[in-house]
Amino acid sequence: MFGFSRKIFLFALLAVPAAAFGTDRQLVFSDEFDGDSLDGSTWTRIDAGTPEWRRYMDATSSDLVEFRDGRIVLKGTKDTADASAADYREAGIYSLNKFSFRYGKVEIRARFDCVQGVWPALWMMPQNGNTWPSSGEIDIMEHLNYQGSVYQTLHFCNPDGSNGSAGTHPEIVKTVFNTYGIEWEENVIRFLINDVVTATYTPENTTSAWPFNDKEFYLILSMQIGGNWVENTGANQGIDAKTLYASGAKMEIDYVRVWQDAPSVPEPSAFGLFAGLGALALVAARRKRKAR
């Protein structure tokens, strides 16, 4: 009896279409910055460090981070009018050890000031195994000085071990909010601005030592001042200390959103439901007769 019932039950299961794994994208992370303070479960203020981008980071001063109109404002400033004094301060946040992911779509809507020597950036680094650049770096957006364009770049190692990169330099309307993003899948990363693809990179057009398949990355949002690259790009040189002292610089971020593809289960067909219910009814009738 058990064998017969199990076969009928198996038929009932098979009559209903099996779960098929598709690509139903769902929102897995979102910060709309609607509150009046930083969400400490997701973000950490970045402190000063050795790399150029981190040299003037200040993780404690409240005047460098502001919440207004549903946005977070990350600021850079100079404390004195003395142009020879490197008394700059800048703010940044990251999701290191709090939120990281592998594959998905990222969107960050932002607007920033243009000041000589200022370098706002929206980017990603590996959660673990961070040996630069062999572990990879994803620069969703970097802006330098007064340029009317941004940089979107991947960093990696070439097969011979040398530093490698691949990137694009699309123009933007820099006085308005733009949405910067990536679509990240196995063996492909697409850069986007306002949901338009600006460049597509794969191991075939970058490096066979592609480091973006085997690890999770975390998010970094940073207002940066100074550094060899920003100070030596464009018609002007150095840092505009006068402007940073008088009015500072800021990057406003409206939101950060991350989507990932999730398995989807299709609706069962009418035939599948009918066949499955019929098979289960047959099992019940069989058991009723056996019980007499």
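Predicted model: local features only at pLDDT ≥ 70, side-chain atom pairs only at ≥ 80, totals over all residues.

Biologist: How much space lies in the second largest pocket?

Modeller: About 160 Å³. Its lining includes Arg25, Tyr103, Lys105, Trp184 and Asp261.

Biologist: Which strands supply at least two residues of that lining?

Modeller: Strand E8 (104-112), strand E13 (178-185) and strand E17 (249-262). By type, the lining of the second largest pocket has six charged, three nonpolar and two polar residues.

Biologist: And what volume does the largest pocket have?

Modeller: About 380 Å³. It is lined by 20 residues, and Pro51, Trp53, Trp123, Trp132 and Glu137 are the closest to its centre. Strands E9, E10, E11 and E16 each give two or more residues to that lining.

Biologist: How do the residues of that lining divide?

Modeller: The lining of the largest pocket has 12 nonpolar, five charged and three polar residues.

Biologist: Is Cys114 buried or exposed?

Modeller: Buried, because its relative accessibility is 19% and the cut-off is under 20%. Cys157 also counts as buried, at 13%.

Biologist: Last one. How do E14 and E15 pair?

Modeller: Antiparallel, over five bridges. Arg190 has Thr200 in E15 as its bridge partner. Two residues sit between the strands of this hairpin, and Asn194 takes a positive phi near 55°.

Note on methods. Residues numbered from 1 in each chain as written. Heavy atoms only, no water. Buried < 20%, exposed > 50% of the residue type's maximum accessible area, 1.4 Å probe, protein only. Pairing = 2+ DSSP bridges. Helix = DSSP H or I, 4+ residues; strand = E, 2+ residues; numbered from the N terminus. 1 Å grid on protein atoms, 1.4 Å probe; cavity = no way out; pocket = protein on both sides within 12 Å on 5 of 7 lines; lining within 4 Å. Points joined across faces, edges and corners; volume = space filled by probe spheres on them. Nonpolar A, V, L, I, M, F, W, Y, C, P; charged D, E, K, R; others polar.
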